[in-house]
Amino acid sequence: MFPKIIQIETTTLCPSKCIMCPHKFVARQKFMPMPLIEKILDECAGKDVTIMPHQMGDPIADNRIMDILKKCKDRGLKILMSTAGILLDKEKSKALVDIGVDTINISLDSLNKKTYERIRKVSFDTVMKNVEDLLSVKRAPTEVWISAVDMFFDKKTRLEFIDYWKDTADRVQISPYVQYPRVRGFTLPRKKMKNLNWCQRLENDMIILTNGEAAKCCIDFEGTTSFGNANTTSLAEIWAGSLRRDYIEKMKAEKRKSLYPCKICVI
Ligand SMILES: C[S@@+](CC[C@H](N)C(=O)[O-])C[C@H]1O[C@@H](n2cnc3c(N)ncnc32)[C@H](O)[C@@H]1O
Ligand code: SF4
Ligand code: SF4
């Protein structure tokens with residue numbers, strides 16, 4: 001028993017201040033030390049695991065990222081990396097493709113310059129140029145996905161967004177907006193929470209923050225919850241540990257009612 005996906009927060013640095021993202025409230029250390037990254041990757045080596053080298057931060061803001069991605073590949077691991085794309089010049093895109101990163105997801109959010117810059121607070125023209133360059137150097141096995149959070153789309157702009165990318169990107173996705181605590185830049189009426197007692201993320205995903213804490217879910221962006229710490233405990237032990245087992249058992253019995261972060265989640 002081992003996670004299928006491990007999100008490693010190599011850095012909390014980020015050049016953007018997206019209105020929907022709680023990144024601005026994150027106060028923990030900025031970098032995960034390299035020995036801890038290596039420990040995590042060594043424990044994953046040879047396993048059928050996808051590494052997502054981001055959580056609250058942008059992986060391209062980490063000067064060590066290419067080295068980290070090579071280390072993933074040396075250990076036979078798949079990589080799905082999400083980035084805002086604002087720091088991704090052509091040279092870096094080539095390096096990612098040469099390393100053999102399996103998936104590079106660009107979080108784009110809108111095709112309208114004004115809306116994009118309202119959401120992401122960085123230059124639309126720079127990002128579009130960076131994505132064009134990335135698509136021009138992309139080759140198998142690397143895939144480029146384009147994603148948006150469902151905020152300002154109407155029927156027409158949604159179709160336009162999908163249509164614009166459908167021939168050049170390998171996948172286009174518009175994901176549901178998550179209302180994080182403390183985020184006021186954008187709000188939607190709170191959806192009625194589904195009465196779920198199971199969640200795929202809890203079953204498959206492990207999140208390791210810069211300080212080594214294994215947060216219960218990426219929704220706990222402040223890292224106030226933990227199933228254990230990867231500095232002192234192996235990933236396999238954290239995964240099989242009583243903290244995680246008890247949480248899942250409670251979720252089955254109580255349907256999230258008393259469980260943070262699941263009780264605030266709309267997924
Ligand atoms: C937190 S970011 C970290 C990686 C990178 N900085 C990026 O923007 O892709 C990971 C993903 O979360 C998405 N995200 C941020 N705030 C969100 C929200 N309130 N609801 C849903 N997704 C959100 C981003 O658009 C991005 O695709
Ligand atoms: S969504 Fe990504 S780029 Fe935007 S603030 Fe959050 S971490 Fe940074
Ligand atoms: S917070 Fe939401 S997405 Fe995360 S494990 Fe709980 S129910 Fe699943």
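Author: The answers below take the helix, the sheet and the ligand shells in turn. The model is predicted: local features need pLDDT of at least 70, side-chain atom pairs count only at pLDDT 80 or more, and totals for chains, interfaces and linings use all residues. Residues are numbered from 1 along each chain as its sequence is written, while chains are lettered from A and ligands numbered from 1 in the order in which they are written.

Reader: Which residues of α5 are called buried?
Author: Phe 124, Val 127, Asn 130, Val 131 and Leu 134. Buried means 20 or more other C-beta atoms, placed from the backbone, within 10 Å of the residue's own; exposed means 12 or fewer.

Reader: Why are the buried residues of α5 said to line one face?
Author: Seen down the helix axis, they fall within an arc of 130°, so they line one face. The arc is taken from the directions from the axis to the C-beta atoms. On the other side, Asp 125, Glu 132 and Ser 136 are exposed.

Reader: What makes β6 and β8 edge strands?
Author: The open sheet runs β6-β5-β4-β3-β2-β1-β7-β8, with mixed pairing. β6 (171–175) and β8 (214–215) each have a single partner strand, so one side of each lacks a neighbour in the sheet. Pairing needs at least two DSSP bridges. β1 and β7 run parallel with 4 bridges, so they pass that cut-off.

Reader: What surrounds ligand 2?
Author: Its shell includes Cys 14, Lys 17, His 23 and Asp 58. Shell residues have a C-beta atom, placed from the backbone, within 6 Å of the molecule.

How values were computed: Helix = DSSP H or I, 4+ residues; strand = E, 2+ residues; numbered from the N terminus.
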